[in-house]
Amino acid sequence: MSVAKRVVVTGVAGFIGSNLADAMLAAGHRVVGIDNLSYGVREQIPVGVDFRHVDIRNPGLAAHFDGADAIFHLAAKNCILDCQDDPLETADVNVTGTVNVFEAARRAGVNRIIYAESSSLYEGVNVFPTPEGAVAPESFYAVSKAAGMLFAEAYRRFAGMRTTGLRYFCVYGPRQDYRRSIPPVMSAFMLKLLRGERPAIYGSGDKRRDFVYVDDVNDFHLRCLDDPRTEGNVYNIGSGTNHSVAEIYRKIASLLDSQIEPEIRPDLPGEAQTTLADISAARKIGWNPSADMDEGLRRSIDFIKQHVLEAAV
Ligand SMILES: NC(=O)c1ccc[n+]([C@@H]2O[C@H](COP(=O)([O-])OP(=O)(O)OC[C@H]3O[C@@H](n4cnc5c(N)ncnc54)[C@H](O)[C@@H]3O)[C@@H](O)[C@H]2O)c1
């Protein structure tokens with residue numbers, strides 16, 4: 001185990017942030033967690049996290065970073081459809097908020113920041129598997145992530161920040177967002193099938209997505225703390241394989257022993273046909289995402305059964 005560190009996680013009440021906090025605590029690190037609970041839920045914050053209910057746009061943010069060895073900046077407005085509806089708030093949280101996190105880090109004397117980018121940066125790129133090179137953001141969400149990335153690069157260049165940008169593909173696992181009107185595809189299928197309702201497939205079901213399990217993602221997060229080769233770089237965080245939405249439907253239906261057929265609805269605007277990560281850069285530093293998808297799906301189903309459906313009874 002590496003030497004115990006003090007890490008800050010923004011977005012700690014969300015899906016990836018709460019799982020990251022669990023992994024950091026399990027590795028013996030101390031975790032300060034920041035969230036404004038605009039979206040995440042308090043019950044998701046792991047016991048042991050020193051939680052601060054604060055917005056990343058708060059002018060006094062630096063006080064929460066004192067003594068930190070590293071900051072994981074994950075807080076964001078991140079549902080593509082919500083961002084399309086409100087570009088102003090999207091820019092406020094994802095751009096101004098991100099700059100405030102970097103500026104607060106500089107004031108607090110913390111120069112290690114690992115921050116969330118997104119595979120949506122590749123919305124207009126048609127190279128598969130997609131390497132980290134060219135980006136072509138299109139939606140308001142993706143453009144806001146691109147702006148955050150450019151500010152991170154400027155902080156690296158002019159303020160000596162040791163940055164790592166993580167371009168998550170479709171991360172799945174327990175606590176994946178189940179609260180949106182249209183949740184991510186796996187949660188959406190699980191929720192509906194567990195309730196005995198017909199899930200919707202938007203479009204034909206042949207869209208392909210690169211899904212990566214949250215424990216594999218945490219393995220990379222931990223490497224970012226310990227491996228200086230990750231500094232100054234951006235990485236695709238996917239599995240390097242993809243599955244069609246229809247395949248995922250069949251897998252989840254079979255795990256739940258359900259015969260319910262999905263309802264086909266018109267395509268959602270702005271959805272990519274294919275995502276597939278070229279993960280050779282992350283592999284070079286020893287990362288090997290290896291989660292078994294059926295097992296990952298079972299754990300996700302168990303979470304929804306225990307924390308969403310039973311809690312609602
Ligand atoms: N989940 C994925 O598959 C995925 C894919 C690509 C990129 N990402 C990025 O990874 C990061 C984490 O994603 P997630 O799936 O855990 O999202 P999430 O919505 O579950 O968590 C985000 C958290 O940020 C908090 N937050 C939002 N605005 C805030 C603000 N102004 N101040 C403080 N806290 C605020 C929310 O309350 C929430 O708890 C995001 O930056 C997202 O854009 C996620």
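**Close-up views of a predicted model**

View A. Aspartate 69 counts as partly exposed because its relative accessibility is 39%, where buried means under 20% relative accessible area, exposed over 50%, and partly exposed in between (1.4 Å probe, protein chains only). The residue lies in the loop between strand 3 (50-53) and strand 4 (70-73); helices (H or I, at least four residues) and strands (E, at least two) are DSSP runs, numbered from the N terminus. Beyond its neighbours within four places in sequence, aspartate 69 is in contact (heavy atoms within 4.5 Å) with Lys5, Arg6, Val110 and Arg112. A C-alpha separation of 17 Å lies between aspartate 69 and glycine 165, which are 96 residues apart along the chain.

The model is predicted: local features need pLDDT of at least 70, side-chain atom pairs count only at pLDDT 80 or more, and totals for chains, interfaces and linings use all residues. Residues are numbered from 1 along each chain as its sequence is written, and side-chain values use heavy atoms, with hydrogens and water left out.

**View B. Helix 4 and its cover.** Helix 4 comprises 20 residues (140-159) and reaches 27 Å from its first C-alpha to its last, close to the expected 28 Å, which is 1.5 Å times one less than the number of residues. Its buried residues include Tyr141, Ala146, Met149 and Tyr155. Among the elements covering the buried residues are helix 3 (87-108) and strand 6 (162-168). Glycine 160, with a positive phi near 70°, follows helix 4.

**View C. Helix 6.** The 13 residues of helix 6 (214-226) reach 19 Å between first and last C-alpha, close to the expected 18 Å. Val217, Phe220, His221 and Cys224 are among the buried residues of this helix.
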